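Please look over the structure below and follow the text through it step by step.

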Number of protein chains: 2
Amino acid sequence: MHFSAQQNHLLMSLPAEVQKRLFPYLKPITLPLGKVLYEAGEIQQEVFFPTDSIISLLNVMENGASAEISVVGNEGLVGVSLFMGGESTPSRALVQSAGSALQLSALRLKEEFDRHGDLLLLLLRYTQSLITQMAQTAVCNRHHTIDQQLCRWLLLSLDRLPGNQLIMTQELIANMLGVRREGVTDAAGKLQKLGVIEYHRGHINVLDRPQLEALCCECYAVVKKETDRLLPWHPNNNSG
Amino acid sequence: MHFSAQQNHLLMSLPAEVQKRLFPYLKPITLPLGKVLYEAGEIQQEVFFPTDSIISLLNVMENGASAEISVVGNEGLVGVSLFMGGESTPSRALVQSAGSALQLSALRLKEEFDRHGDLLLLLLRYTQSLITQMAQTAVCNRHHTIDQQLCRWLLLSLDRLPGNQLIMTQELIANMLGVRREGVTDAAGKLQKLGVIEYHRGHINVLDRPQLEALCCECYAVVKKETDRLLPWHPNNNSG
DNA sequence: CGATTTATGTTCGATAGCGAACCGACTGTT
DNA sequence: AACAGTCGGTTCGCTATCGAACATAAATCG
């Protein structure tokens, strides 16, 4: 295995045979914060398997207001519309946490997908977990306070990061949640007073994850439970 | 063709060969308002192709509050998790407008799906259009007023109905949108004053659809445009 | 027919979040 | 060391929506 220790769960779940075919075409890339992997409506030429980066899928409105509809980390891939058949989507994919990813051309992905083997089954299940996340985001946007949503968002990010620190300003979080920056300042202030997090100029440390989960709405748990069900993470432990 | 004139677009788009295989197994059923096609988390045994009914996919929260995440009419099918691989989903499918549908057993659907032919391609594209709808619902919930959302909801329903009338109380609409009934009363009252709609105890008549579209947020158009792109509706006009 | 249920209308106060403006403090640069 | 830019904190008034309670009229049913 010639890639870094931080790997992508989807890729690692595949049988050795599929890996052998795909891995030569995976191109490691680094993704800086804020990079746009694809714009709404743009024909996508590649998919991206994050390894230690986090990508947000955002819907952007005419007036520029935005809202995150799902998050992708090393449990998934960016670009499902390629194999779903649409080739593009009305959302934007934005790097939310800098890091690395493995890039694969649309051509190679489809070649393997069209073999109708393990990759197809895996990617369809992954897509269903994305659907779950979007649906729950819709509900959360309707019913929950900024405070709760911030907790959800922190937990989703934390799950996709190695440590307890996020590099993320309140302004950026506000864009993701589709709320004002002041609203995030307020919510984050409360969490800091409670000792749940600690932050300083774009660095957020989560100090008490259990309490964060307690303060969160049910949406995080619903998504997590369903994702774990759909994608029980068992690396295909082939050493070859 | 031995079914009623009102047909399902997905089924009609399939090549004659696939239709020949599937149609013998389609079971016509009638769906009364309020019927639950499946409950959250329940293993699904059938999929449903609405012909002149409308089904809402709802996420229901612990406290009973709900929100519609997408709508399915004769352009689609209910039960994507069957072929996506999850077998169940955390949402509920509820009959929003009484009518008919064609029911197909999971077994038969999967049999055809696993041939990796036209049905697979079609259903994946349809699933992508569902994803679009959910994503836009999330954004709409975040950024738009009840007034705008009611317009969106009316348009989505109208597109899936033959005439201009909806059988639907304000209470039920409120459940779909995840808002209070009073909010819907208010919004509907405004639309009636403007002469856009006319309603009376559970019956809503849309009088001025162009104006309804003008009052609506962009979300309706985004979803419609993308759905038309993904599923250009060309019936396979075989007379056999 | 009268009684009950259902659908809609109205009001009241409370509150979450918005938009705009402004400040101060920290950071990195030259 | 001075500066500009970034990040976070605070304030004000405003509006959409909520929660609750109650009113009215139409539909349904005994």
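Over residues 144–210 of chain A, the chain is 55% helix and 16% strand. The model is a predicted one. For the stretch, residues 144–210 of chain A, UniProt lists "domain: HTH crp-type", and the entry is unreviewed.

Chain B has an open sheet of three strands, and their order is S8-S10-S9 with antiparallel pairing. Its edge strands are S8 (165–167) and S9 (197–200) of chain B, each of which pairs on one side only. From one strand to the next, the twist averages 15°. As background, the strands of a sheet pair through backbone hydrogen bonds, in either a parallel or an antiparallel way.

How many bridges join S9(B) to strand S10 of chain B? There are four, and S10(B) covers residues 203–206. The two strands run antiparallel. Across this pair, B:Glu198 stands opposite B:Asn205 in S10(B). Helix H6 of chain B, residues 146–159, packs on the sheet and touches S8, S9 and S10 of chain B. The direction of H6(B) makes about 100° with that of S8(B).

Next comes a helix in chain A. Helix H5 of chain A takes in residues 118–143, which is 26 residues. From its first C-alpha to its last, H5(A) reaches 38 Å, close to the 38 Å expected at 1.5 Å a residue. Is H5(A) mostly covered or mostly uncovered? H5(A) is mostly covered, with 22 of its 26 residues buried. In general, an α-helix has 3.6 residues a turn, so residues three or four places apart point the same way.

B:Ser81 is found in helix H3 of chain B, residues 80–84. With a relative accessible area of 1%, B:Ser81 counts as buried because this value is under 20%. Leaving aside neighbours within four places in sequence, B:Ser81 is in contact with A:Gln128 of the other chain and with residues of chain B, including B:Gln44, B:Gly86 and B:Glu87. B:Ser88 and B:Thr89 are also in contact with B:Ser81.

The last point is how the two chains are related. The same surface serves both copies, as 100% of the contact residues of chain B recur in chain A.

How values were computed. Residues numbered from 1 in each chain as written. Chains lettered and ligands numbered in written order. Predicted model: local features only at pLDDT ≥ 70, side-chain atom pairs only at ≥ 80, totals over all residues. Heavy atoms only, no water. Expected span 1.5 Å × (residues − 1). Buried < 20%, exposed > 50% of the residue type's maximum accessible area, 1.4 Å probe, protein only. Contact = heavy atoms within 4.5 Å. UniProt positions renumbered as here; feature names shortened; annotations may be inferred. Pairing = 2+ DSSP bridges. Axes fitted to C-alpha atoms, helices over the stretch in contact; angles between N-to-C directions.
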